Amino acid sequence: MGKYAVELRKLALELTGAITESLGIGPAYLDNKMEEGMQVMAANCYPACPQPELALGLPPHSDYSCLTILLQSSQGLEIMDADDGTWLAVPKLEGALEVHLGDHLQVLSNGLYKSVVHRATLNGERTRISVASFHSLGMDEKMETAEELVDEQHPKGYKASSFRDFLKFLSANNIGEGQSFIETLKIKANDVY
């Protein structure tokens, strides 16, 4: 598991560099912050459920991290279509890792990239195991919109926040009831920042 975690960290740094380069802010834009940042790994076991349509493994949510890299033993991940709110099953591709963009990258990109709303469903016949690796800035490091992506036509759309801010939100809110941290970061027309 240790070697796997090290290799995922390398992959996350490479992917983050490619994303910031695609935004026109350079491949090294987040290097120091990501190298000093956090990696959290979570192993989840979703037992077979005799009535999977009556339960969820995880409620709908987006990840606060920059990136989440997921390995799953069988299909069970669903993503929400942002246009119509329908759920789409993510096929399990043998030997493939799945990458989700998180809220941090939505904030950094000023909404050019969107975090992925997803959920875990249960299977009536088999147990599903997933290993998620979350890659983020340090606990108190604030992610904010890149200044290079803000102008008169594209005003700053998000407040800066840290992983600690997210944990405070989690302790005071129930994401299972549809409350979303990214929504609290969106700057409204009459907000002043």
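Student: In strand 5, which residue is the bridge partner of E78?

Tutor: Two strands pair if DSSP finds at least two bridges between them; strands are DSSP E runs of at least two residues, helices H or I runs of at least four, numbered from the N terminus. Here, the partner of E78 is A89. Strand 4 and strand 5 (residues 87–89) are antiparallel, with three bridges. They make a hairpin with six residues between them, and G85 in the turn has a positive phi of about 75 degrees. Bear in mind that this is a predicted model, where local features need pLDDT of at least 70, side-chain atom pairs count only at pLDDT 80 or more, and totals for chains, interfaces and linings use all residues. Residues are numbered from 1 along each chain as its sequence is written, and side-chain values use heavy atoms, leaving out hydrogens and water.

Student: What about strand 7: which residue there does I79 stand opposite?

Tutor: That's H118. Strand 4 (residues 77–80) also pairs with strand 7 (residues 118–120), antiparallel over three bridges.

Student: Which residues of helix 1 are buried?

Tutor: An α-helix has 3.6 residues a turn, so residues three or four places apart point the same way. Buried means under 20% relative accessible area (1.4 Å probe, protein chains only). In helix 1 the buried ones are A5, L8, R9, A12, T16, G17, I19 and T20. After helix 1 comes G24, with a positive phi near 85 degrees.

Definitions and conventions: Buried means under 20% relative accessible area, exposed over 50%, partly exposed in between (1.4 Å probe, protein chains only).
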